[in-house]
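Morning, everyone. Please bring up the model on your screens, and keep the sequence beside it.

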Amino acid sequence: MIKIDTPDYPIYFGVESYAVLGNQLNEKQYSKLLILTDSTCNELCLPHFLANLPTTIPFEIVEIESGEPTKNLETCQGVWEAMIDLGMDRHSAVITVGGGVVSDLGGFVASVYMRGIDCFLVPTTLLAMVDASVGGKTGVDLNGAKNCIGTFSMPQMVLIDSVYLETLEPRELKSGYAEMLKHGLIYDESYFNHLKDIAQVDFSDIETLIYHSIVIKTQIVQEDPKELGLRKILNFGHTIGHAIESYFLINPIKERMLHGEAVAIGLVIESYISTVILGLNLKVYQEIKEAIQYIYGKQLFSETDVEEILTWLKLDKKNRAGEIRMVLLSKIGECSFDLVVSKDLIVSGFEDYSK
């Protein structure tokens, strides 16, 4: 059985992992389990999960609506009220079965219910497998501001079963792929070079790629679990990416953009900014830009769009004293964090993105 050990919890891979999950649940003798999922996963993923869950502990299923608009405190309150109605106590546990929204929201709900109960994560999307389920970050959005309310709370276990990926549309798979590209850009040049030519990637062996991305993220998190320093490099592409995602989420005339799609744009623009501030080689930048735009296409931004996105940038959690701070690349596999970036340079980044 494939396993990654972290100081706080194990990550298991494959269908054999359900036996381990069952053993952990039974050994801890939880009074009750809450299985949190969303409307899509309830139909497509939960039957496989329940068929492989070896426990007699009583459980209840709570379903939330699918999608980022659900990731808010109002949804949390509904889940907490259901937990109270179901008689869940401090010896209960939450199991999330879903994508990033379910993982983030479920982890947050568990981390504060009765001052914290155990949580087990079963991610069902590529994005959740390589990102949301790993590292102990939980959270929800507030008025469109991404993950503005949240906690650091480690799960008891993460279970990676690539069978769930068969339920995803190609667009969802590409959303998760952006996080994998980011892992290569910030930490492993050979990994990025392997991923950037997507036509040559063997997706029949996707679990190996997921494993590699998780290893990268866990190594970074282990050195800095509370994001006081090194862990900030995992935010590469996300300062601009989150602002774009929030703008498209809140604006009623815009089609919602998936997290990875927005991050992909952020990777390009923040790479451009890296050429100015850290001297990232221009040829390398062009290779990054061409590879990412080949996979994700090019989004059109008007001057008004850029101005609105700049207002969302002010809400980024890495900012300090009103200064926008970013993670930037000096070369592929090496980066620095907490670098102050001007508004004018960000605008130039959007202009170059569109060329």
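Let's start with a definition. Rings of Phe, Tyr and Trp (for Trp, its six-membered ring) pair if their centres lie within 6.5 Å; planes under 30 degrees apart count as stacked, over 60 as edge-to-face, and the rest as tilted. Now the ground rules. This model is predicted, so local features need pLDDT of at least 70 and side-chain atom pairs count only at pLDDT 80 or more, while totals for chains, interfaces and linings use all residues. Residues are numbered from 1 along each chain as its sequence is written, and side-chain values use heavy atoms, with hydrogens and water left out.

Back to the rings. Ring pairs join Tyr247, Phe248, Phe301, Phe350 and Tyr353 into a cluster. How many aromatic pairs does the rule give? The count is 10. Take one of them, Tyr177 with Phe203. Their centres are 5.8 Å apart, the planes make an angle of 50°, and the pair is tilted.

Where do these two sit? Tyr177 is in helix 7 (residues 170-187), and Phe203 is in the loop between helix 8 (189-196) and helix 9 (206-223). So the pair ties together parts that are 26 residues apart in sequence. Helices here are DSSP runs of H or I with at least four residues, strands are runs of E with at least two, and both are numbered from the N terminus.

Buried or exposed? Buried means under 20% relative accessible area, exposed means over 50%, and partly exposed is in between, using a 1.4 Å probe and protein chains only. Tyr177 is buried, at 1%. Phe203 is partly exposed, at 38%.

Next, helix packing. Two packed helices are described by the angle between their axes and the distance between the axes. The axes are lines fitted to C-alpha atoms, for helices over the stretch in contact, and angles run from 0 to 180 degrees between N-to-C directions.

Stay with helix 7. Its axis and that of helix 8 come within 6 Å and cross at roughly 145°. The crossing of helix 7 and helix 8 is left-handed. That word means the near helix is turned anticlockwise from the far one by less than a right angle; clockwise would be right-handed. Which residues meet? On the helix 7 side they include Tyr177, Met180 and Leu181; on the helix 8 side, Tyr191 and Phe192 are among them. Contact means heavy atoms within 4.5 Å.

Now helix 11 (residues 259-277) and helix 12 (residues 282-296). Their axes come within 9 Å and cross at roughly 165°. That makes helix 11 roughly antiparallel to helix 12. Angles under 35 degrees are roughly parallel, over 145 roughly antiparallel, 65 to 115 roughly perpendicular, and the rest oblique. The crossing of helix 11 and helix 12 is left-handed. Residues making the contact include Gly260, Ala264 and Leu267 of helix 11, and Leu282, Tyr285 and Ile288 of helix 12.

On to some single residues. Glu245 lies in helix 10 (residues 238-250). Glu245 counts as buried because its relative accessibility is 2%. Beyond four places in sequence, Glu245 touches Glu68, Lys146, Met257, His259 and Ala262.

Follow that to Met257. Met257 is in the loop between helix 10 and helix 11. At 5% relative accessibility, Met257 is buried. Met257 and Glu68 are 189 residues apart along the chain, yet their C-alpha atoms are separated by 9.9 Å.

Arg325 is in strand 10 (residues 325-331). Arg325 is buried, at 12% relative accessibility. Its side chain makes a polar contact of 2.8 Å with that of Glu323.

Last, backbone angles. Most residues other than glycine have a negative phi. Gln29 has a positive one, near 50°. Gln29 lies in the loop between helix 1 (17-28) and strand 3 (33-38), and is exposed at 67%. Asn147 also has a positive phi, about 50°. Where is Asn147? In strand 8 (residues 145-152).

That's my tour. Over to you.

How values were computed:
A polar contact is a pair of N or O atoms within 3.5 Å; within protein, one must be able to donate a hydrogen and the other to accept it, and residues adjacent in sequence count only if both atoms are side-chain atoms.
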